[in-house]
Structure formats: structure tokens, C-alpha cells
Amino acid sequence: MRNKRLKKIIFDWYIYIVLVIFWIASSAASPFFRTTSTFSTILVSAVPIALVGLGQTFVVLSRGFDLSVGAVASLATAIASVTMIWGIGPSIGSIILISLVIGAINGFGVSKLKIDSFIMTLGMMFFLTGVSLLIRPSPGGFIPTNFKKILLYHVANLPLVPFLILVLAATVGILVLQKRRFGREIYAIGGDPESAKMSGVNVDRTRIKVFIVSALSAAMAGLFISARIGSGNAEAGAPYLFDSFTAVFMGGTLVTGGVGCYRGTVASALIIASIGHILQFLGITIWYHFIVKGLLLAGVAGIQLLIVGSERAE
Amino acid sequence: MKRIGGFQLSATQPLILVLALIVISAIAGFITPGFLTFFHLKMILYCNTMLGILALAQTLVILSGGIDLSIGAIYWITVMVGALLMVDGRFILPSIVCIIVGAAIGTINGLGISRLKIPHVVMTLAMMIILTGTLYVTTGGGGRGRAAQELISLSTGRIFGFPIITLVWISLTVLFYVILKVTAFGWKVRALGSSLSASHCSGISIWKVQVLVYMISGTLAAVAGLLYLGWARTPYPTFQSGAGVGANIMLESIAAVIIGGTLFLGGRGGVERTFLGVLVLAVLFSILSMAGLGVEWQIMLNGIIILAIVGVHSRIGLQ
């Protein structure tokens, strides 16, 4: 009994165990790693991954993929860099509106037209990348200093606002998925869409909502990215596409949907953001972080499947 | 599957694409006189050979119910390995090494998916990220080395005025068309895509087929990489894309498969459809660039075509 409970705790929190081990080992290995400025940078670079990962967690939990998140983030930086001349408020408003429309179209295609989510969002990704390149052919544009200052607001060398964004995203993600009806419906659809439908879940509407959440959180990530790089860039969001999948899968959400949670995604986002730093401090070429990331992803996914398999066997 | 008068609608799919191709080309030829010349059509084929071979490999994987996200990364890793090994002018041995590297990476993918039961998206995504790292670590993000003279003459050479590499692409397509139609392996691939459990029950050793499919995918990606290396002469670092090494061409290969009309979930489709899919994309892009519209319009159009075609499929019940 006791053993079983311990096993459950390990299963639920193993990614945090990995994170803590990772941080302790890194701090022991390099004196430069255990400084507040390092952790501040890690926190700031984890924010866009966690934000994109928020929507992606919702989508993967409901048995889908969203390949358009990177393109939505890029589009948000492109639009921000063009429209922020006329004021921050209208610019953010228009970005939110556009992302809502994009998410609704994705959701409509997936639920009503029965197009596979991978294909639907792949097409959307190509389309939006083209649009972003039209709006912003080369990186640049205008991002107001105030906007950058607010989003990257530091108190005593600690990134207060990025930290608050992370906490807010985590709260929303965990609360909605675990406590709200919408979240439970997502798990039901991910478990088995047919039985979800029979137990009265409006599958189509929930799926549309899921894709809207995904596009919205990707657009928020895009806004944060544009504040970080201080400009618009039609390719700035592209790396976050595969990072979002890495974060979701590493965080314990199953590709087949229905199993997983957002807290794992947040921890993975922090791990992904830390890998580059620790390699740098150990004097290893930064490019190795890809290899570490890939091995971690395959390893964690493999171990997790072993655990799930042994639980099913019991 | 909808039937109209006892006629299977999905069988018309390649026909629709052929018709679309003819109509588009006719209109383009009417507007721009240079379009319908042998030279131009040959160039369209020539410029899309590498994508065509990758899409061919991707078709096989998708038919078997999987997906290979690492195909673009394998492609670029062969370009790099080939260029590094060919620096002192050797050709045969480096080429063999390249193809073995591609096959080995594919086999690792297949083993991870079939034996360790890692989902194909996760396994090939992890492989793509690992290969991205390997590529950057070994080259530092820039191109190093160059192609051997023999490879250059192979990639740029012509037989009766027809590019050799395009002939390679066409013959590979014919080869895999025959393999999928005639051999037991071809039927097993499609059986896997239709239903894993049914294939298991009918005695197919699933893991062997899966390993073989991913191995072929890796090998074909390596072949495409070698041909590209001879074409480009030096591995000019065009592989740098934000999403990861080879991510763009990988996504384009999936797009070509889908536009060709192969079912994304596997089981139905074929390499001949993918060939048409690549042609449709190529002809449309060619028209766009003749109209003076840049690459951003091409990317946008790519998305629109995918959505339009799968939208139509879903309306007539093919998807």
C-alpha cells in the first residue's frame, strides 16, 4: 500500500524530481550556475515555452496536435512590431482578436469538417508563416520601450513580471484542467471521444474551445517574445513549435491524449530553458543542448511508458 | 467511403489531380508562352527532385500509419557527412557510408517505435532534435567540406537531355509503386496503416515491417541528401531554420503526401499520388514566381492548397 502510494507520488511528480536533480547537479558542477542572474534568465526564457505549452497541453490532452502555435507566435510578433506605433492597447487587442479567429478556424476544421488536427494545423502553419513574412519580410519594426519594460519588469535583479506570468499560466492551466467542467471534458474527449459524446459532452464545441485556447496562448507567447527581442520577426516563433511538443511530452502528457497535466509542462519548460545555460557554464558548446534535449525527451517518454505499462499490468 | 453508381470515388483522386495539373498548366501556358516548353517543365521536375524523394519516403511511413519527423534532419545529416568525407575527392566509400548512416538512423527510429513502444511522433521528434544538435556540434552551424567531382557530374548530368537525378526520382517512384502493389511487404505496410490490431491478429510481425519502413525512409532521405550535395556542391548552410534542422523540408514532404491524397492516418494512398502532389505544388509555385510573387506567397499558397484539398476530401468523404 505504502509502496503504491510512493509510486504514485513519483509518477505524478517525477518531472519535478528530474528538474531538482538537474538544478542541484548543475549548481554543484558550476559556481556560475548558482547565481540569481542565471535563474532569472532561465525563468525569462521559460516563459514563452510554458505559454505555448499551455495551449499545446490542452490540445494534446484532447487527442490532437497544434502545429500552428509557432506560426501564431511569429504572427503576433509581426503584427505587434507593425501596429504598436498606434498604441499598445489596440495592438494587443487586434492580436487577441486575430488569434481567436485562427483558433476558431482550426477548431472548426478539426471538429466540423473532421480534418485531422495535424493536417489542419499544418496548413494553417504554412498560411500564417506566409502572412507573417508578408507583414514583416525582415526582422525589425517598433516595440515601445514601455511595453518591454512592463513585461520584463525586474525587482532587485529578479524578473517579477515574467515570474507572475508563469504563475498565472500555471494557475489557469492547472485550475481549468483539474477543476473546471471544460477541463474535465477535455480529459473525457482525450480518453475516448465516443464515450465522451455519449455521456453528454459537446465534443465539437469543446474541441473548438481547445484550439482557441491554444492560439490565444501562442499569441501571448508571441507578445512576450516580441518584448524580449524588442522587434518583430516572422521566424521568431518557429523554435517554439517543437519546444512546445517537447515540453508537453516530457511533462508526462501522453500523445494518445487523456493522460497528463499542465504542471509537467511547466517543469519541462524550465528544464528546456536550463539545459543551454548549464552547458554554457560547463564550457560545452551550446549546440549540445539539442542532443541533451532529444535524449531527455526520448528517455523520459520511454520511462514513462514503462511505468504506465507496469501499472496497466497490475 | 462514398460510391457513386458503383464507382469508387477515391479511385478518381489521382485523376482529379492530373486534370487539375493539365488545366493549371494550360492556363499558365496561355498566359506565359515560356511555360509549356520542354525546358521549363524539365526544370520544374529537376528543382523538386529532392523534395519528391523525401515525400516518397514519407508516403511509405504515412501509409504504414506512422510519421517521420526526422526525415529532413536525416537528409541534412547526410549532406554534411558526405561533404566532410568527400573532401579529399573520394566518392564511392563516402556515398556508401552516407547511405548506411541514413539507414542506421531510420532503423533506430523503427526500433524505438516498435520495440520500446515510444509513440512515432515522440520518437522521430526526439531524433530530429538529436540530429539537429549533432549537425551543429560537428559543423558549428556552417557548411564544411565539398562534394566529389563524380557526385557533381551525377547530380547535374543529363541522359538524352533529361536530368539524371529526376530519372532517379521517377524510377524510385515506379519501384515503390510496384513494391506496394505486388509484394507482400507492400500489403503488410498498408495493413499496418489500416489497423494495427487486425494486422497483429493476422500474423504480421508488426515490428519487422515498422523497422523496415523507417529504415527505407532513412535510406531514401540519405539518397536525397547525396543528390542534393552533388547539386549544391558545398553544404551551404541553408539547413538553418528556426524550428530545427530540416524542419521546413520535412513539413513540405508531409504537405506533398497529403495533397497527393494519401490518407494521413495510413492504409490508403500511394507513391504515385505523392508524385502528383509534388507536381501540383511545383507547378503552382512556378506560376507564382513567374508572376513575380516571392517565397512568402508560396508558403501561404502551400497552406491554402492543403486546407482546400483536405476540405474537399472531407466533404466527399475521403478523409
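Guide: Let's start with a working rule: two residues are in contact if their C-beta atoms, placed from the backbone, lie within 7 Å. Keep in mind that this is a predicted model. Now try the rule on helix H8 of chain A, residues 181-191. The cover over its buried residues includes helix H2 (36-61), helix H7 (160-179), helix H9 (193-198) and helix H10 (203-229) of chain A.

Visitor: Which residues of H8(A) are buried under that cover?

Guide: Those are A:Gly183, A:Glu185, A:Ile186, A:Ala188, A:Ile189 and A:Gly190.

Visitor: Staying in chain A, why is A:Arg63 called buried?

Guide: The cut-off for buried is 20 or more other C-beta atoms within 10 Å. A:Arg63 has 20 C-beta neighbours inside 10 Å, so it counts as buried. You'll find A:Arg63 in the loop between H2 and helix H3 (69-83) of chain A. Its phi is near 65°, a positive value in a residue other than glycine.

Visitor: And what makes B:Lys117 partly exposed?

Guide: Exposed needs 12 or fewer neighbours and buried needs 20 or more, with partly exposed in between. B:Lys117 has 15 other C-beta atoms within 10 Å, so it is partly exposed. B:Lys117 isn't a glycine either, and its positive phi is about 60°. Look for B:Lys117 in the loop between helix H5 (92-114) and helix H6 (120-139) of chain B.

Visitor: How do you know what radius of gyration to hold chain B against?

Guide: The globule rule is 2.2 Å times the number of residues to the power 0.38. For 319 residues a compact globule would come out near 20 Å, and chain B has 20 Å, so the value agrees with the rule. Along its principal axes, the C-alpha trace of chain B spans about 65 × 55 × 35 Å. Chain B has 14 helices and 4 strands, and 52% of its residues count as buried.

Visitor: Which elements of chain A give two or more residues to the side that touches chain B?

Guide: The contact takes 39 residues from chain A and 41 residues from chain B. On the chain A side, those elements are helix H5 (117-135), helix H11 (238-250) and helix H13 (288-313). H5(A) brings the largest share, 13 residues. By class, this side has 28 nonpolar, 7 polar and 4 charged residues.

Visitor: Which residues touch the most other members of the largest nonpolar core?

Guide: That core has 197 residues, and the ones you want are A:Val72, A:Leu297, B:Leu54 and B:Ile306. The largest share of this core, 16 residues, comes from helix H11 (residues 206-232) of chain B. Leaving out residues up to four places away in sequence, B:Leu54 touches B:Ile71, B:Tyr75, B:Ala221, B:Ala224, B:Ile249 and B:Ser253.

Technical notes: Residues numbered from 1 in each chain as written. Chains lettered and ligands numbered in written order. Predicted model: local features only at pLDDT ≥ 70, side-chain atom pairs only at ≥ 80, totals over all residues. Nonpolar A, V, L, I, M, F, W, Y, C, P; charged D, E, K, R; others polar. Core = buried A, V, L, I, M, F, W, Y, C linked by C-beta atoms within 7 Å.
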